[in-house]
Amino acid sequence: MSKKQLLAILGSTSTHSANKRLLNYITSLSGPFFEVATFDGIDKLPHFNPDLDGAETPSIVIQFRQQLIEADGLLICTPEYVFSLPGSLKNAIEWCVSTTILSNKPTGLLVAAASGLNALEELKLVMQTLEAKFTDETILLIQGIKGKINAAGEISDIETANSLINFLAALNDLVDF
C-alpha cells in the first residue's frame, strides 16, 4: 500500500524561518504516515485577481491547484505577521475561493509564532469558509517557536515534540476517515 500524499504549504517566504525548520522537522516525523511534498511557489503566485480566474488563469495557479487536488491531505504551517496571516499565504488561499478544491480536504492547521492567536483564528475561519475538513486535534498552535526549535531544526521542548506527534497522528486519522 502506498503512503498517503500530503501537500504542505509554508506560510513564510523567509529562507531562515522557524516555520521552515519546523516543517522540515514534521516531514522527518511523517514517514510512517505520509509522503510530504511542499508547495514551493507561494512567493511566485501572482496577486489574486478574479478577472484572471478562468480562461486566463496563470499556469502556476493551475499547477498549485493540481497539487491540491492530487494530495490526500493538506498541511498549512505558518507564522503570524503583524497579528495576522502572512499575505502570501492568504493570497494562495484566495486562488482557491472560486473552486471546491478545499471542500472536504483533510487539513492540518499549524501556526507557530511568538503569539499566533490571531493568525490561528483567521486561518480557521478562512479554511472553515472554504469547507476544509479539520478537527480540534488537527489544529496546533505553537507559541514562542523560536525558543523551541534550534538552528538545526531540532525541537528542544518535549511538550512541543509530543504535540507534533499527536498532531500528525490525528491528521493521519482524518485522512483515513
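View 1. Phe83 lies in the loop that runs between strand E3 (73-78) and helix H3 (87-94), in a model that is predicted. With a relative accessible area of 56%, Phe83 is exposed, because residues over 50% are placed in that class. Together with Tyr81 and Val82, Phe83 forms a nonpolar patch on the surface, and the three residues have about 360 Å² of accessible area together.

**View 2. Strand E3 and its cover.** Strand E3 is mostly covered, since six of its six residues are buried. In a regular strand the side chains alternate between the two faces of the sheet. In E3 both faces are covered: Gly73, Leu75 and Cys77 are buried on one side, and Leu74, Ile76 and Thr78 are buried on the other.

**View 3. The strands that pair with E3.** Strand E1 (residues 4-10) runs parallel to E3 and is joined to it by five bridges, and within this pairing Ala8 stands opposite Leu75 in E3. Strand E4 (residues 107-113) also pairs with E3 in the parallel sense, over five bridges, and here Cys77 stands opposite Leu110 in E4. Both residues of E3 named in this view, Leu75 and Cys77, belong to the buried set on one side of the strand.

**View 4. The unit formed by E3, H3 and E4.** Strand E3, helix H3 and strand E4 make a right-handed β-α-β unit.

**View 5. The salt bridge between Arg65 and Asp53.** The side chains of Arg65 and Asp53 meet in a salt bridge, with a distance of 2.7 Å from N to O. This pair links distant parts of the chain, for Arg65 is in helix H2 (residues 59-70) whereas Asp53 is in the loop between strand E2 (34-39) and H2, 12 residues apart. Arg65 counts as buried because its relative accessibility is 11%, and the cut-off for buried residues is under 20%.

View 6. Another salt bridge is formed by the side chains of Lys44 and Asp43, at 3.4 Å from N to O, and here Lys44 is exposed, with a relative accessible area of 53%. The count for the structure comes to five salt bridges.

**View 7. The protein as a whole, for orientation.** The secondary structure comes to five helices and five strands, and from the N terminus on the elements run β-α-β-α-β-α-β-α-β-α. Along its principal axes the C-alpha trace spans about 50 × 40 × 25 Å. For 177 residues a compact globule would have a radius of gyration near 16 Å, and the 15 Å of this protein agrees with that. Of the 177 residues, 47% are buried.

Notes: Residues are numbered from 1 along each chain as its sequence is written. This is a predicted model: local features need pLDDT of at least 70, side-chain atom pairs count only at pLDDT 80 or more; totals for chains, interfaces and linings use all residues. Side-chain values use heavy atoms; hydrogens and water are left out. Patches are made of residues with over 30% relative accessible area and no salt bridge: like charges are joined within 9 Å, nonpolar side chains (Val, Leu, Ile, Met, Phe, Trp, Tyr) within 5 Å. Accessible areas come from the Shrake-Rupley method with a 1.4 Å probe; for residues, only the protein chains shown count as cover. A salt bridge is a side-chain nitrogen of Lys or Arg within 4 Å of a carboxyl oxygen of Asp or Glu. Helices (H or I, at least four residues) and strands (E, at least two) are DSSP runs, numbered from the N terminus. Buried means under 20% relative accessible area, exposed over 50%, partly exposed in between (1.4 Å probe, protein chains only). Two strands pair if DSSP finds at least two bridges between them. A crossover is right-handed if, with the strands pointing away from the viewer, the path from the first strand over the helix to the second runs clockwise. The radius of gyration is taken over C-alpha atoms; the globule rule is 2.2 Å times the number of residues to the power 0.38.
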